[in-house]
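Look over the sequence and the structure before reading on.

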Amino acid sequence: MGPRLADIARHAGVSEATVSRVLNDKPGVGSDTRKAVLTALDVLGYERPARLRQRSAGLVGMVIPELENPVFPMFAQAAEGALAQRGYTPVLCTQTPGGITEDEYVELLLERNVSGILFVSGRHADTTASHERYHALVSHRLPIVLVNGFADTIPAAFISCDDREAGRLAVDHLVALGHTRIGFTSGPERYVPVRRKLDGYHQALARHGLDGDDLVELSLFGVEGGHAAASRLIERGVTAMVCGSDMMALGAIRAARQRGMRVPRDFSVVGFDDSQLIAFTDPPLTTVRQPVSAMALAAVRALCDEIAGHPVSHTEYVFDPELVVRGSTAIAPARRHAPEATSVTSPTPSATRVPSVDTASAGHEADRPRV
C-alpha cells in the first residue's frame, strides 16, 4: 500500500498538496517543510521514493585496535554517526591478536575504493613502527586522519587528547588528597600517548617535590596488565596509582582488594578515558575523561574536508581532558590519621573542566591548535 497523503500531511502539519509536491520533488517547498514531510514518511514506515533517497557519498574506512576496551567502541560510534550525517558509509575494521593486521585492512579498504581512512590509536602511535604505510597513502592522495599518536614526519591531520595534562591532573588530584607515594602504570613506553602521560606524571611529581622514579610499572594494556603492575607497586608502598586506562584501573582495584586493602580508604586509583559504565563500577571510578565525542567529530570533519579537496592543516589538534572525581580516590591514610585531618576536605565529586597550564613543557604542542 502506498503512502496516504492525509496521514503524512497530518503528521507533518502541512497540507496534502504540500506533501504531494515533496513526494514528486517539485520546487516551491521550504527546506524545513520538506524535511518535516520526509521525517513523517520515515516515522510512519513508508519507503521514500527513489529520487528522494540520500545517495551515499562513498565509503570511509575506520581502523581501530580492538573492541574490548569500551573507549574504542565509543570512538567508532561517535565517528560513525558523524560520517553518516555527511552521507558517508563507514567500514569498521577492528584488530584482534593473531587476526588481520592494520596493513591487511588497508589493502582491503583500498580494494573497495574508500574515499579516506580514519586511524584510531594505530601503528602511527608506535614510535618503533615504520610509517611508510602512511606516506604511501598520502602519496596516492588518499585522505587520512590519525587519532591519538603524533608523528611529525607524516603529512596528515592528527587529533589527540592532551596526555601530558592527563598525567598532571591525576597526580595533582592525588597530591591534594595527601598522597606522596603515587605509582604509575600504562602500556608499553614505545607508544606516544604512554610517553606523554608518563611525562605529565613526572612533571607533576617534581612540581610537588616528590619522586616517582621507582614507582613506574609499565605493563600490557587491559585489566590483567593493571593487576600485575599494581601488585608490584603495592609491595613498594604506594597508596595511590595513576593508570593509563580505565581497564587498567579496574585491574589495580582488583589487585588491592586481593591483598585485603579497601578502595579508596587504603588505596586510591585514577583511570583514564571515562568509558561507558565506569561511573557504575564498585567503587565508581575517578578518572581523567578523554573528550571522545569532540575528538571523533573533529577527525570526521578534517577527513571530509580532505575528501572534498579543501585544505586541511597537517598538524596536531590537541583536546583538553577533564578530571572526573568519583569514589575510587580519598584522603591518604597517613593524613587521615594526622591531628589536622579534620581540616582537610576532599574535592567535590563532580566533573571539572581543567585547561592545560604548562604548554611550554609540551614541546611543539604549545603551537598546535587546542580545542
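The text below goes from the chain as a whole to its pockets and cavities, then to one helix and a few backbone details.

## The chain

The model is predicted. Its protein chain has 12 helices and 12 strands. Of the 371 residues, 50% count as buried. Among the contacts in the chain with a separation of 6 or more, 72% are between residues 24 or more positions apart.

## Pockets and cavities

Rolling a probe the size of a water molecule over the atoms shows where empty space is left. A search of the whole structure finds 2 cavities of 30 Å³ or more.

| Space | Volume | Lining residues by class |
|---|---|---|
| Largest pocket | about 1,300 Å³ | 17 nonpolar, 15 polar, 12 charged |
| Second largest pocket | about 180 Å³ | 6 nonpolar, 1 polar, 2 charged |
| Largest cavity | about 50 Å³ | 7 nonpolar, 3 polar, 1 charged |
| Second largest cavity | about 30 Å³ | 8 nonpolar, no polar, no charged |

The largest pocket has a volume of about 1,300 Å³. It is lined by 44 residues, and those closest to its centre are Pro65, Glu66, Phe72, Ser121 and Phe221. Which elements supply at least two residues each to this lining? They are helix 4 (71–85), helix 5 (102–111), helix 8 (192–207), helix 9 (223–235) and strand 8 (268–273). Domain 2 (59–161 + 292–320) and domain 3 (163–290) each give at least three residues to the lining of the largest pocket.

The second largest pocket has a lining made up of Val138, Arg141, Leu142, Pro143, Ile144, Pro155, Ala156, Glu306 and His314.

Around the largest cavity lie Ala166, Gly167, Ala170, Phe184, Lys197, Val242, Cys243, Gly244, Gly271, Phe272 and Val288. Helix 7 (163–176), strand 7 (240–243) and strand 8 are the elements that give two or more residues to this lining. The largest share, 3 residues, comes from helix 7.

The second largest cavity is lined by Phe75, Ala79, Leu118, Val120, Val147, Met295, Ala296 and Ala299. Helix 11 gives the most, with 3 residues.

How does the span of helix 11 agree with its 16 residues, and what is the distance between its end C-alpha atoms? At 1.5 Å a residue, helix 11 should span 22 Å, and its end C-alpha atoms are 22 Å apart, so the two values agree. The buried residues in helix 11 include Met295, Ala296 and Ala299, and these three also line the second largest cavity. Val292, Ala298, Val300, Ala302, Leu303 and Cys304 are buried in helix 11 as well.

Just after helix 11, Gly309 takes a positive phi of about 90°. Val312 lies in the loop between helix 11 and strand 10 (316–319). Is Val312 buried or exposed? Val312 counts as buried because its relative accessible area is 16%, under the cut-off of 20%. Leaving out residues up to four places away in sequence, Val312 touches Ala157, Ala302, Asp305 and Glu306. Glu306 is also one of the residues that line the second largest pocket. Ala156, another residue of that lining, is 156 residues from Val312 in sequence and 8.4 Å from Val312 in space, C-alpha to C-alpha.

## Backbone details

Asp25, with phi near 55°, is in the loop between helix 2 (16–23) and helix 3 (31–43). Asp25 counts as partly exposed because its relative accessibility is 41%. Asp273 has phi near 125° and its place is in strand 8. With a relative accessible area of 4%, Asp273 is buried.

Definitions and conventions. Residues are numbered from 1 along each chain as its sequence is written. This is a predicted model: local features need pLDDT of at least 70, side-chain atom pairs count only at pLDDT 80 or more; totals for chains, interfaces and linings use all residues. Side-chain values use heavy atoms; hydrogens and water are left out. On a 1 Å grid over the protein atoms alone, a cavity is a set of points where a 1.4 Å probe fits but cannot get out, and a pocket is an open set with protein on both sides within 12 Å along at least five of seven lines; lining residues have an atom within 4 Å of a point. Grid points are joined across faces, edges and corners, and a volume is the space filled by probe spheres set on the points. Helices (H or I, at least four residues) and strands (E, at least two) are DSSP runs, numbered from the N terminus. Ala, Val, Leu, Ile, Met, Phe, Trp, Tyr, Cys and Pro count as nonpolar, Asp, Glu, Lys and Arg as charged, and the others, Gly among them, as polar. Domain bounds come from an automatic or database domain assignment. The expected span of a helix is 1.5 Å times one less than its number of residues. Buried means under 20% relative accessible area, exposed over 50%, partly exposed in between (1.4 Å probe, protein chains only). Contact means heavy atoms within 4.5 Å.
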